[in-house]
Amino acid sequence: MTVTEEQVRRPHTVGATDPRSPDDHGALRRAVARNLTAYGFLCAALICFALFSWYPMVREVVLSFQQNNFVDPGVWVGFDNFRTVIADPAFRSAWLNTAAFSGLALVIGYAVPFVLAVVLNELKHAKAYLRFVVYLPVMLPPAVAVLLFKWFYDPGAGLFNQALDVVHIPPLSWLDSTSTALVSLVIVSTWMNLGTGTLIYLAALQSIPGDLYESAELDGAGLFRRVWHVTIPQTKLILLVMLLLQIVATMQVFIEPYLLTGGGPENATVTVAYLMYQYAFNFGDFGGGSALGLMLMIVLLIFSTVYLRVSREEDAR
Amino acid sequence: MRTLVSPLALRSPRGRIIYWTILTVTVVGFTGAFVFPLYWMVTGALKSPDELAQIPPSFFPKHFDLHVYVDAWEQLQLGVFLKNTVLYAGGAWLFTLAVDVSAAYALSKLRPIFGKLVLGAMLATLMIPPMVLLLPTYLVAKDLPIFHADLLNTPWAIWLPAAANGFFVFLLKRFFDSIPRELLEAAEIDGASPARILWSIVLPVSRPIIGVVSILSVVTVWKDFVWPLLVLPETDKMSISVGIASLSAQMPQNVLIASLVIASLPTIIVFFIFQRSIMAGLTAGSLKG
């Protein structure tokens, strides 16, 4: 990251003390003035970050150990909130569904964009069109995309069942059956986000030196061996970064269950984030909700720590 | 430049056939997967409820009647939602630029003590996924610490959190770091104040990165759903995404679809115009975040 690369440079500042000046008093005064100016420029950001990022992190931990009605001061209840939440039958489903959602989203949403990018990188025609089109769904507001798919999933006249009918496959109940509901959510989510991964991989592929492929070919490597021995090792770090990024993103899934299924049928699509929302805004239990949030935070922090390490390595390349 | 497949293999007759087959499959596949749903949405809105329920569906709507869009506009009060969303996104854009540009400038060029610590603390916020802080952040918006203001149902609930964006500060700071110091020293010798240097020298040369940050911030706020859902519960204050979602159950199918079209138009138009910057922001965002 840039923070470290600057350390080697000579510190330069606007309004910095003039090195030739022998007057220490003036130098100190100017340094104070410079710092005051700097913090003047920083204060708006500091207030915003403090209120909406730093303080909520602390508050999250405090809330999850409190019984709170937000009128009286909160009562410290130790791990009670966690016990309540864990005893909830939806708790197990929520974690399993979140894990399944992430897993399925990875199976589709991770490999497919890479394959698409490899293909796109070879095409010499219609490049701009393909790139534009694959990113189009990403630009739709997620609420619009999800509601659009809700209509496609309609068991009667929905587009998907109509399409199945054309190839003589009996209609599916998509969102209404415990066996297909979660997969249906994954499909929407993948459709919405596929473009991001594809374009990032495409950018990475373009930086692979062509002579690597050439020498591999001279050594007699076929197409798939070239992908395996050149393309994948050359994009290894980005593949890893994207893997972690996607785990963190998909484990926060909320809008799909909220708009499509409400967690049903029979808790088949309750996710951790959705359960957290329900605790707070449907049951009025912010303690329980925060306890869930804290658990999710700990799990995701593990992934983001690894992500940070990997992306630093990628940055250093 | 040489890629996976050698130009030689492409020129052979067999290579050409394979190439054109794959190209056709890709173009058709992409169009089917990503454009057709949008086509279905735009034309679906034009169909009457009867035609929508009809099996098999009609590929082209029978009557070309734009009246449903007018209905959607009126029944769903889309005008109000759109106006709100413009207000939220525009304000968030101004706040983000004012707050994050001056912060990045201070950290990059004024170098205060603890500057690195401050930057580190701002970057650390990127490690915590927003969803897990939803509840405490909501409580902050509901009852702002120290000031004790209730921001719910006010634009401030969108504007202030949007400005606290560690990624934008990072992007801007990195760009400011690359501005040659001679440029700033010259201005300083001429007696320009730090604010003047920021306004007259740093900002004009930073247009590309400011463009990227502007588009990203507007699009992010426009697309957001969960946060406005929580902090703008009043119907008259809702953003377009939340408004449509909350009224979706009571609307006839074709009116709802028409409103989906109207809601997606602004971001699609922005994408048409600013493709390049958006994709540049995407690669900057994913690899260096």
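How much area do chain B and chain A bury between them? In this predicted model, the two chains bury about 10,400 Å² between them, and 76% of that area is on carbon and sulfur atoms.

## The interface

The contact involves 116 residues of chain B and 114 residues of chain A. Leu4(B), Phe34(B) and Leu135(B) supply 8% of the area that chain B buries against chain A, more than any other three residues. Across the interface of chain B and chain A there are zero salt bridges.

Ser53(A) is placed in helix α2 (residues 24-64) of chain A. With a relative accessible area of 9%, Ser53(A) is buried, because the cut-off for buried is under 20%.

Thr231(A) belongs to helix α10 (residues 223-234) of chain A and is buried at a relative accessible area of 1%. Its contacts, leaving aside neighbours within four places in sequence, are Phe114(A), Val118(A), Leu205(A), Ile208(A), Tyr213(A), Arg226(A) and Leu4(B).

## Nonpolar cores and a surface patch

In soluble globular proteins, nonpolar side chains tend to be buried together. The largest nonpolar core here has 198 residues, and the members that touch the most others are Tyr135(A), Leu292(A), Phe225(B) and Val231(B). Helix α5 (residues 78-110) of chain B provides the largest share of this core, 15 residues. Another core, of five residues, lies apart from it and includes Leu237(A), Val241(A), Leu244(A) and Val310(A).

Around Val231(B), leaving aside neighbours within four places in sequence, the contacts are Tyr138(B), Ala141(B), Leu152(B), Asn153(B), Ala157(B) and Ile158(B).

Helix α6 (residues 142-152) of chain A is largely enclosed by the rest of the structure, because ten of its eleven residues are buried. Among the buried residues of α6(A) are Pro142(A), Val144(A), Leu147(A), Phe149(A), Trp151(A) and Phe152(A).

Nonpolar side chains also occur on the surface. Leu265(B), Ile269(B), Phe272(B), Ile273(B) and Phe274(B) form a nonpolar patch there, with about 510 Å² of accessible area together. Of these, Phe272(B) is located in helix α15 (residues 253-288) of chain B and counts as exposed, at 52% relative accessibility.

## Salt bridges

Side chains of opposite charge can pair when their charged atoms come close. Over all chains the count comes to four salt bridges.

| Arg83(A) | Asp80(A) | 2.7 Å |

Arg83(A) and Asp80(A) are three residues apart in helix α3 (residues 80-87) of chain A, so about one helical turn separates them. Arg83(A) counts as exposed at 53% relative accessibility, while Asp80(A) counts as partly exposed at 38%.

In the second pair, Arg226(A) is buried at 7% relative accessibility, whereas Glu217(A) is partly exposed at 28%. Arg226(A) is also one of the residues in contact with Thr231(A).

In the pair from chain B, Lys237(B) is partly exposed with a relative accessible area of 31%, and Glu234(B) is partly exposed at 40%.

## Positive phi values

Most residues other than glycine have a negative phi. Which loop holds Ala126(A)? Ala126(A) is found between α4 (89-122) and α5 (127-139) of chain A. Although not a glycine, Ala126(A) has a positive phi of about 55 degrees, and at 35% relative accessibility Ala126(A) counts as partly exposed.

Asn267(A) has a positive phi near 60 degrees. The loop that holds Asn267(A) runs between α12 (255-261) and α13 (272-282) of chain A, and Asn267(A) is partly exposed with a relative accessible area of 31%.

Methods
Residues are numbered from 1 along each chain as its sequence is written. Chains are lettered from A and ligands numbered from 1 in the order in which they are written. This is a predicted model: local features need pLDDT of at least 70, side-chain atom pairs count only at pLDDT 80 or more; totals for chains, interfaces and linings use all residues. Side-chain values use heavy atoms; hydrogens and water are left out. A nonpolar core is a set of buried Ala, Val, Leu, Ile, Met, Phe, Trp, Tyr and Cys residues joined through side-chain atoms within 4.5 Å. Buried means under 20% relative accessible area, exposed over 50%, partly exposed in between (1.4 Å probe, protein chains only). Helices (H or I, at least four residues) and strands (E, at least two) are DSSP runs, numbered from the N terminus. Contact means heavy atoms within 4.5 Å. Patches are made of residues with over 30% relative accessible area and no salt bridge: like charges are joined within 9 Å, nonpolar side chains (Val, Leu, Ile, Met, Phe, Trp, Tyr) within 5 Å. Accessible areas come from the Shrake-Rupley method with a 1.4 Å probe; for residues, only the protein chains shown count as cover. Buried area is the accessible area (1.4 Å probe) that two parts lose on being put together, summed over both.
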